[in-house]
Amino acid sequence: MNHYAEIYRQELLNEVIPFWERNAIDETHGGYFTCLDQNGKVYDTDKFIWLQARQAWMFSVLFSEIEQKIAWRAIAKNGIDFLEKHGRDEHGNWYFSLNRQGQPLVQPYNIFSDCFAAMAFGAYYRLEPDDRYARIAIDTFENILRRKDDPKGQYNKLYPGTRELQNFALPMILCNLSLELEHLLKNDQVETLTNDIADLILNSFYEEKSGLVYENVGIDGGLVDSFEGRLLNPGHAIEAMWFLMDLGHRNNDTHLIDKAGQIMFQQLEQGWDDRYGGIFYFLDAKGHPPQQLEWDQKLWWVHLETLVALAKTYALTQSPKAKNWFEKVHEYTWSHFRDTKNGGEWYGYLNRQGEVFMKLKGGKWKGCFHVPRALLQIWKTLEK
């Protein structure tokens with residue numbers, strides 16, 4: 001498996017990162033363009049906070065962990081400055097989107113803007129240890145914890161008191177975010193939070209009997225027989241398992257590593273499309289039609305996060321099953337999402353048959369994050 005490390009390193013440093021360096025930087029107003037076509041041309045100038053933050057995080061990590069390139073530091077600071085100046089409302093909540101100049105377009109209804117902003121400022125603090133960056137990261141993190149039981153607050157469209165659900169995405173991200181901000185948080189806070197999240201994921205969202213991880217469960221942790229309650233998102237569940245593996249590795253907890261590996265395989269086997277290959281975006285736990293019309297699409301991040309999970313499973317356990325699945329998912333992912341004609345960033349959206357149907361390289365939901373982070377994670381995991 002070690003030979004894959006060089007393949008992933010080359011792709012990261014020679015193709016994907018140069019694409020974002022060449023095309024994404026707004027030299028006039030700051031921040032980044034993320035709506036880029038297959039040739040890197042900007043087709044929309046709106047700026048989405050979580051994608052701004054993710055790119056600032058990515059270049060901060062490259063500078064801190066790979067090479068102290070002046071250009072990488074400048075790109076990271078370009079995003080951090082834009083976010084610091086324009087990203088928050090008067091209460092410290094992060095907007096969802098801004099126009100090119102930094103004026104707010106969409107209210108701060110989405111707590112994941114806050115999650116990735118905290119992650120970005122925490123990473124940037126490592127390369128420029130100014131207290132104000134640490135303060136923004138910590139204040140944002142504490143605001144997330146205050147909002148976590150009602151993340152949308154006044155922007156929640158659901159009628160209260162009828163079908164209250166817990167969603168999987170926030171505890172999943174908080175597991176990763178707690179470790180990302182560990183250098184800024186108190187040790188007991190990280191221990192308590194990550195232990196509680198691991199317990200919530202393994203004992204509420206994961207159902208031992210079926211082997212499935214549900215995207216939504218009731219407030220009491222029970223299953224809810226509805227569109228939302230039956231919803232499976234294999235990519236989310238698999239990504240969460242490598243977050244738990246990182247936690248298990250940090251704590252030298254082989255039981256948690258093994259459990260996360262077992263659950264990861266269950267989601268992968270459930271989500272794999274035996275007819276056309278690839279991993280479904282959404283499924284219904286009872287096999288009913290999901291309400292998401294895009295349920296059978298194949299998305300870039302799902303496959304890349306699966307490769308990260310498989311690489312970590314192999315590195316931590318030497319499992320032959322992880323090796324076999326890695327090679328299978330690697331072959332599908334590289335032969336379908338990678339742009340062999342233009343190079344650079346990868347495509348993001350395939351139909352069920354594996355054909356590219358949107359030739360964008362970035363947009364409202366896709367930026368400089370899942371592809372480069374996965375390439376970096378797999379490179380560093382397999383070179384050890």
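Leaving aside residues up to four places away in sequence, Arg230 touches Tyr214, Val224, Asp225, Leu283, Asp284, Ala285, Lys286 and His288, where contact means heavy atoms within 4.5 Å. Arg230 lies in the loop between strand E9 (216–218) and strand E10 (231–232), and at 12% relative accessibility it counts as buried, a word used for under 20% relative accessible area, with over 50% called exposed and values in between partly exposed (1.4 Å probe, protein chains only). The model is predicted, so that local features need pLDDT of at least 70 and side-chain atom pairs count only at pLDDT 80 or more, while totals for chains, interfaces and linings use all residues. Residues are numbered from 1 along each chain as its sequence is written, and side-chain values use heavy atoms, with hydrogens and water left out.

The structure holds 25 aromatic pairs, meaning rings of Phe, Tyr and Trp (its six-membered ring) with centres within 6.5 Å, called stacked when the planes are under 30 degrees apart, edge-to-face when over 60 and tilted for the rest. Trp94 and Phe121 form a tilted pair, because their ring centres are 5.8 Å apart and their planes stand at 40°. This pair links distant parts of the chain, 27 residues apart. Both partners are buried, Trp94 at 0% relative accessibility and Phe121 likewise at 0%.

Turning to the cysteines, the count of disulfides (cysteine sulfur atoms within 2.5 Å) comes to zero. The sulfur of Cys35 is 14 Å from the closest cysteine sulfur, that of Cys368, which is too far for a bond, and Cys35 is buried at 4% relative accessibility.

Notes. Helices (H or I, at least four residues) and strands (E, at least two) are DSSP runs, numbered from the N terminus.
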